[in-house]
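This report describes selected features of the structure shown below. The sections cover nonpolar cores, a helix pair and a sheet.

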Amino acid sequence: MIRFDSVSKTYPRQNAPALRDVSLEINRGEFVFLVGSSGSGKSTFLRLILREERASEGSVHVLGKDFGRLSNWKVPQVRRQLGTVFQDFRLLPNKTVGENVAFALEVIGKSRGQIRKTVPEVLDLVGLGGKEDRMPGELSGGEQQRVAIARAFVNRPMLLIADEPTGNLDPQTSVGIMRLLDRINRTGTTVVMATHDAQIVDQMRKRVIELEKGRLVRDQSRGVYGYQN
Amino acid sequence: MRAHFVLSEIGVGLRRNVTMTLAVIVSVALSLSLLGGSLLAREQVSSMKDFWYDKVQVSVFLCNKVDAETDPVACPKGAVTEEQKTEIEEELNAYEIVDEVFHESAEEAYQHYQEQQKDSPLAAVVTPDQMQESFRVKLHDPEKYEVISTAYAGREGVHSVQDQRALLENLFQLLNGVNIAALGLMTLMLLVALLLIVNTVRVSAFSRRRETGIMRLVGASSFYIQMPFILEAAIAGLIGALLACGLLVGGKFFLIDGFLEDRIQVIDFVGWDAVISVLPFILVVGALMPSVAALFALRKYLKV
């Protein structure tokens, strides 16, 4: 599903690399936590998976594609098989909940009939059935994140990338979001989630990958958060 | 690709950016009407050239009695004689480059002068004696003027040889100069319009970076992401081009047909066919140019 072979990433005009010689493999259906302090390279790791950045050295394979050789115009095709969720939700404030989810389908050219069928289904799945016509501003943070997850999941992606999805939520709401991600993972979707939330990591007992100053320092199945912020 | 979606995006973009869009429309309209105007002016000059060059003649002015006193250098021996006249006429007719030769007597010259200058106070004072007799030579090729000029200038009985083309040349040079100035101005305005478009598109892309960011994440193609911006610029450009067309048609209708045509009858002004043939060109340039500028502006901005 995801394979990193001695991947390093140095941003232009910077001396210290953001990632140094990272090698790992994530298989189909896995749930992986990515932990590490700020600046440890978590975001760079995720950006490489999303092909928002290219590796400076080594090779990144995602969904069987070698990202070093993938031409720019093929990138959108790959991204359609990836779902992404962020800490700040990234919803469009002037569109309703339903429109926000539909937007993801519209821009990849899905038919109107298909959209009308899929959107309520996926909103039901994330527990927002009937809130289709609400505006994001009227919803709680947890509900907004559910909309974002619905949008990420509406294409039934093989891989879901979540960058601190619970970072803006209280512990109780976070638990709800984690249950949802776990359910999505059980449908066969691989989930990679960067987080600072020790409680969640410790509770879920999934594979944990820890980065420190760009190096892979721990890769543990059924691991715990394991370090103090 | 869903047209409905793209159209609604364009609508949002244009409304969000009303002032910039207006600036683009106005600058495109002005530069394109200058472009159309100078194209038409070029057409005008070349049709005038055809029209006038067809009529220009080389005039060989002959000495009269008055010249013998006022201009002893050109006419040292006094007025031209009958023999000299017949000799010149026969010679002129013998030239291969000469198409036709007309003789204009002093009396005829006087009549023409009176007609042309009937409002001038000079006309009342001039007498037929002062007018010069002349041969009006029409050449097959007006460029060959030199041949006649060298053969007859300084010859006995000939006062001077005048090429009417030289008079027109000055006029055409002036018109050409004006035309070049208009083209230069147009280029500058077009450049301003292009910069404005680039800037407008950038602002537009920036104000919608949230949307475009999400579009990229969910895998919209860059064509799909850029389309609304490009069409936005194209639509603004097209509106500008339509205004330019309106200005040109208005200019033809009010300025040429309604004003100049009545007052200046010697010039055959450009017709509606010429004006109409320029319009599609203006529209195409008006739509294409901003699209290309937008594409250029977005190339750096919206990378995958």
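## Nonpolar cores

The largest nonpolar core of this predicted model holds 53 residues. Within that core, Phe33(A) and Val107(A) are the residues with the most contacts. In soluble globular proteins, nonpolar side chains tend to be buried together.

Which residues does Val107(A) touch, leaving aside its neighbours within four places in sequence? The contacts of Val107(A) are with Phe5(B), Met215(B), Val218(B), Ala220(B) and Tyr224(B).

## A helix pair in chain B

Helix H2 of chain B covers residues 18-53, and helix H8 of chain B covers residues 164-207. These two helices pack with their axes 8 Å apart, at an angle of about 160 degrees. Angles over 145 degrees count as roughly antiparallel, and H2(B) and H8(B) are therefore roughly antiparallel to each other. The crossing of H2(B) past H8(B) is left-handed.

## The sheet in chain A

Chain A contains an open sheet of 4 strands, in the order S2-S1-S4-S5, with antiparallel pairing. Strands S2 (19-26) and S5 (65-66) of chain A stand at the edges; each has a single partner strand, so one side of each is left without a neighbour in the sheet. Strands of a sheet pair through backbone hydrogen bonds, either parallel or antiparallel.

Strand S1 of chain A, residues 2-9, pairs with S2(A) in the antiparallel sense over 5 bridges. In this part of the sheet, Lys9(A) is placed opposite Leu19(A) of S2(A). Helix H1 of chain A, residues 42-49, packs on the sheet and touches S1, S2 and strand S4 (57-62) of chain A. The direction of H1(A) makes about 125 degrees with that of S1(A).

How many bridges join S1(A) and S4(A)? The two strands pair in the antiparallel sense over 5 bridges. Asp5(A) has Ser59(A), in S4(A), as its bridge partner.

S4(A) also pairs with S5(A), in the antiparallel sense and over 2 bridges. There, Val62(A) has Lys65(A) of S5(A) as its bridge partner. S4(A) and S5(A) form a hairpin with 2 residues between them. Leu63(A), in the turn, has a positive phi of about 55 degrees.

Technical notes. Residues numbered from 1 in each chain as written. Chains lettered and ligands numbered in written order. Predicted model: local features only at pLDDT ≥ 70, side-chain atom pairs only at ≥ 80, totals over all residues. Heavy atoms only, no water. Pairing = 2+ DSSP bridges. Contact = heavy atoms within 4.5 Å. Axes fitted to C-alpha atoms, helices over the stretch in contact; angles between N-to-C directions. Core = buried A, V, L, I, M, F, W, Y, C linked by side-chain atoms within 4.5 Å. Buried < 20%, exposed > 50% of the residue type's maximum accessible area, 1.4 Å probe, protein only. Parallel < 35°, antiparallel > 145°, perpendicular 65-115°, else oblique. Left-handed = near helix turned anticlockwise from the far one by under 90°.
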